[in-house]
Amino acid sequence: MTVLPSWHLRRLVVWACCWVSASALAWPGMVTHVSDGDTVWVQPLQGGEAKKIRLLGLDAPEVCQAWGPQSREALHGVLQGQLVEVQGRYRDTYGRLLANISRQGHDVGAWMVAQGHAWSSGYQQRAGPYDALQMQAQSQHLGLFADGRAVPPRAFRKRFGSCH
């Protein structure tokens, strides 16, 4: 029988705890409402109240700005009433869970950016996870990238305020 050194055992326990907590963050649910191109409400299958989710890694136009309604409709078309997998950990300043959402194993945020319905969005000067997809959509003039009036939502809010 092999006896593990105590430091090795501690590392194994820490790793196992981290793995369990990370996997516990993923949960299945049903999309009950799409607010805009990057915010949805998901009803957990295990019960409880629907959760307001902000898609992580992208920024969709506000509903009152150019391409905003089209962005919302695109997300609504692929998610409304659909079973999804939510993987999130943190909340934003509006109380929304920041999460990646996948449907049938496909990353919905990646699809939104690849189709030109949203910008890839980084955090604290870091590149966004979908930058390469955004560059492809821009080069193909897809969605909002075909509209000369399209302005990233952050710049829009800074200049005009929120839609509400």
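Contact here means heavy atoms within 4.5 Å. With that in hand, welcome to a few close-up views of this predicted model.

**View 1. Strand β6 (residues 97-103) pairs in the parallel sense with β3 (residues 51-55).** Look for 3 bridges between the two strands. One handy landmark is Leu55, whose bridge partner in β6 is Ala99.

**View 2. Strands β5 (residues 83-91) and β6 run antiparallel.** They are joined by 6 bridges, and Val86 stands opposite Ile101 of β6. The hairpin they form has 5 residues between the strands.

View 3. Leaving aside residues up to four places away in sequence, Ile101 touches Val40, Val42, Ile53, Leu55, Val84, Glu85, Val86, His106, Asp107, Val108 and Gly109.

**View 4. The largest nonpolar core has 23 residues.** Val40, Val42, Ile53, Leu75, Val86 and Ile101 touch the most other members. At least two residues come from each of β1 (26-36), β2 (39-44), β3, α2 (68-79), β5, β6 and α3 (108-114). The most come from α3, which gives 4 residues.

**View 5. A second, separate core contains 5 residues.** Among them are Trp67, Trp119, Leu144 and Phe145.

Methods
Residues numbered from 1 in each chain as written. Predicted model: local features only at pLDDT ≥ 70, side-chain atom pairs only at ≥ 80, totals over all residues. Heavy atoms only, no water. Pairing = 2+ DSSP bridges. Core = buried A, V, L, I, M, F, W, Y, C linked by side-chain atoms within 4.5 Å. Buried < 20%, exposed > 50% of the residue type's maximum accessible area, 1.4 Å probe, protein only.
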